[in-house]
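Work through the exercises below with the sequence and the 3D structure in view. Each task is followed by a solution in steps.

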Amino acid sequence: MSDITEAQAIAELAVQTVVPTELVPGTAYAVPNGDGSVAFKDTDAYGANPRRAKGARVVTDAASFVGYLKRHSTVATEVYADTPGSTVVAVIDSHTGADKPAGWEGHKLTLGLVKTPAWLAWAEHDLGTNPRAWFNQAEFAEFIEARALDVVDPDHARLIEIATTFEAKSNADFGSAVRLDNGEVKFEYTETTTAKAGSKGALEIPKILKLAIRPYIGGPIYHVTAQFRYRVNSGDLRLGFALERPQDILDAAFADVVSEIRDGKTEKKVGPPPTETRLFEGITAPIFYGKPQ
């Protein structure tokens, strides 16, 4: 056996005689790897409970967010509201402050707001953000019929009447449109079907649709105004609408959700029932605007 081989054998025997060394009583040990190095071993996974809480939870409404924080928040908990992202993040084990122990920042709760189907439906066809979202008559009628319950003015019966008329006049040639004193728009048309060739008529529709929509699931309801839009090109009528300041409404809805988290109270004064008040205890953790890093 060579000297090198004998030296290696002696080193291996020496390593084998090394026993684990307790670094932190009952929790952390230095253990030989068998190759001359030492590994760090933590026994946390073998305990009845972990030594510190950690996790990444996601909820979709303010009540659930507050409920979770009431169970888990500490004096170190901080809450961050990110308006552009429509999210609220609670860092439950954040730093407690200057000259105080730092937190692990490994236990977080995220409020990920979800837009309602009603908001998504109207936003998808908003000409203000999607200039190609024009309807033909039949498409407009189908959309209005499907979303009629979102509209508070004109009333449901008038809205269905307008949709039905558009469906019935799908073969008509539309001419000029006149703005009436009451704000409505009057369309002149000529029937082009064989049975009613040359028959003329007029159709009046409102200039504005007033909507009552909940932007976020579980959030407040808002009045939203949709401005009616139209195009007439060689008898072909195209219809649509543009929502008034939709981003402002989303920002206001998010701000109300943050207030609901802080104060535990929201009042909804639109839609059935006429006044809805939900009251629960808010949180005491500080709320900052921005994103936790």
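**Exercise 1.** Determine whether Phe135 is buried or exposed.

Solution. Buried means under 20% relative accessible area, exposed over 50%, and partly exposed in between (1.4 Å probe, protein chains only). Phe135 has 5% relative accessibility, so Phe135 counts as buried. The model is predicted: local features need pLDDT of at least 70, side-chain atom pairs count only at pLDDT 80 or more, and totals for chains, interfaces and linings use all residues. Residues are numbered from 1 along each chain as its sequence is written, and side-chain values use heavy atoms, with hydrogens and water left out.

**Exercise 2.** Classify the ring pair of Phe140 and Phe228, and state which parts the pair ties together.

Solution. Step 1: rings of Phe, Tyr and Trp (its six-membered ring) pair if their centres lie within 6.5 Å; planes under 30 degrees apart count as stacked, over 60 as edge-to-face and the rest as tilted. Step 2: Phe140 is buried at a relative accessible area of 4%. Step 3: the centres of the Phe140 and Phe228 rings are 6.1 Å apart and the planes stand at 65 degrees, so this pair is edge-to-face. Step 4: Phe140 belongs to helix α4 (residues 137–146) and Phe228 to strand β13 (residues 222–233), so the pair ties together parts 88 residues apart in sequence. Helices (H or I, at least four residues) and strands (E, at least two) are DSSP runs, numbered from the N terminus. Step 5: Phe228 is buried too, at 4% relative accessibility.

**Exercise 3.** Name the residues that ring pairs link into a cluster.

Solution. The cluster consists of Trp122, Phe135, Phe140, Phe143, Phe228, Tyr230 and Phe241.
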